[in-house]
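Colleague: Let's go through this model together. I will keep asking how you know what you say.

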Amino acid sequence: RKEVEQDPGPFNVPEGATVAFNCTYSNSASQSFFWYRQDCRKEPKLLMSVYSSGNEDGRFTAQLNRASQYISLLIRDSKLSDSATYLCVVNTPGRGSTLGRLYFGRGTQLTVWP
Amino acid sequence: EAGVVQSPRYKIIEKKQPVAFWCNPISGHNTLYWYRQNLGQGPELLIRYENEEAVDDSQLPKDRFSAERLKGVDSTLKIQPAELGDSAVYLCASSYSGDEQYFGPGTRLTVT
């Protein structure tokens with residue numbers, strides 16, 4: 001079973017739409033959670049961390065449900081520039097150090113059209 | 001501030017040939033990571049260094065892959081010999097004590 005599962009999409013939405021992505025993780029010992037954004041043929045970049053209480057950054061809202069091992073990302077008022085792949089990322093304790101290891105989902109592809 | 005630097009950006013080699021990738025992390029970042037990203041997949045960790053020590057190399061195929069970070073700064077990842085299945089993007093990332101990871105632009109490897 002993969003550490004992180006996400007629907008690869010693609011999601012095609014018009015400008016101004018609200019879109020939500022979800023992912024699940026398998027290891028209940030996972031400690032921290034993130035959404036990364038990756039543009040086509042570019043490197044991943046941190047979009048936001050995800051906290052149990054939920055957190056918001058402008059048009060982006062992230063939620064974590066530890067009981068269900070479920071993470072979500074909501075994008076409101078979609079812009080053309082939001083078109084990218086969104087990677088769900090989980091930090092799970094591993095061998096060697098207390099830092100753990102990041103496990104990436106395969107990403108969900110979003111295209112926002114005019 | 002300069003970001004993570006990787007070279008080369010692209011490499012095409014024939015199978016069974018050796019190849020090496022170089023990474024220079026962000027200044028002051030003590031943790032360095034090598035990832036491999038296949039098409040349509042998320043990055044997968046190959047090896048993590050804390051300073052010059054490899055602390056997590058369980059996913060590194062040690063029969064053909066090797067890595068070093070001799071002075072705890074820049075790092076080299078080598079494949080010898082390369083196989084067709086090694087075609088992927090090899091990403092280097094760095095962080096300061098496990099905080100946010102910053103990725104380099106990657107090396108796109110094609111093995112023919």
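Colleague: Why is A:Asn12 called partly exposed?

Modeller: This is a predicted model, so every value is computed from it. A:Asn12 has a relative accessible area of 48%. Buried means under 20% and exposed means over 50%, so a value in between is called partly exposed. A:Asn12 is therefore partly exposed.

Colleague: Where is A:Asn12 found, and what does A:Asn12 touch?

Modeller: A:Asn12 is in strand β2 of chain A, residues 11-14. Not counting residues up to four places away in sequence, A:Asn12 touches A:Thr111 and A:Trp113. A:Asn12 and A:Thr111 are 99 residues apart in sequence. In space their C-alpha atoms are 4.8 Å apart.

Colleague: What is in contact with B:Thr76, leaving aside its neighbours within four places in sequence?

Modeller: B:Thr76 sits in strand β8 of chain B, residues 75-79. Leaving aside those neighbours, its contacts are B:Ala20, B:Phe21, B:Trp22, B:Trp34, B:Ser66, B:Ala67 and B:Glu68. Contact here means heavy atoms within 4.5 Å.

Colleague: How do you know how compact chain B is?

Modeller: First, its make-up. Chain B has zero helices and 11 strands. Its radius of gyration is 13 Å, and the globule rule gives 13 Å for 112 residues, so chain B is as compact as a globular protein of that length. Along the principal axes its C-alpha trace spans about 35 × 25 × 25 Å. Buried residues make up 46% of the 112 residues.

Colleague: What does the radius of gyration say about chain A?

Modeller: Chain A has zero helices and 11 strands. A compact globule with 114 residues would have a radius of gyration near 13 Å. Chain A has 14 Å, so the value agrees. Its C-alpha atoms fill a box of roughly 45 × 30 × 25 Å along the principal axes. Of its 114 residues, 44% count as buried.

Colleague: How many of the contacts in chain A join residues 24 or more positions apart?

Modeller: Among contacts with a separation of 6 or more, the share is 58% in chain A. In chain B, 53% of contacts between residues at least 6 apart join residues at least 24 apart.

Colleague: What makes a set of residues a nonpolar core?

Modeller: The residues must be buried and nonpolar, and joined through side-chain atoms within 4.5 Å. The largest nonpolar core has 23 residues. A:Phe21, A:Trp35, A:Ile71, A:Leu73, A:Ile75, A:Tyr86 and A:Leu110 touch the most other members. Elements of chain A that give two or more residues to this core include β3 (19-25), β4 (32-38) and β11 (108-113). Another core, of 21 residues, lies apart from it, with B:Val19, B:Leu32, B:Leu46 and B:Phe65 among them. In soluble globular proteins, nonpolar side chains tend to be buried together.

Colleague: Which residues are in contact with A:Leu73, leaving aside its neighbours within four places in sequence?

Modeller: Among them are A:Val19, A:Phe21, A:Trp35, A:Leu47, A:Phe60 and A:Tyr86.

How values were computed:
Residues numbered from 1 in each chain as written. Chains lettered and ligands numbered in written order. Predicted model: local features only at pLDDT ≥ 70, side-chain atom pairs only at ≥ 80, totals over all residues. Heavy atoms only, no water. Helix = DSSP H or I, 4+ residues; strand = E, 2+ residues; numbered from the N terminus. Rg over C-alpha atoms; globule rule 2.2 N^0.38 Å. Buried < 20%, exposed > 50% of the residue type's maximum accessible area, 1.4 Å probe, protein only.
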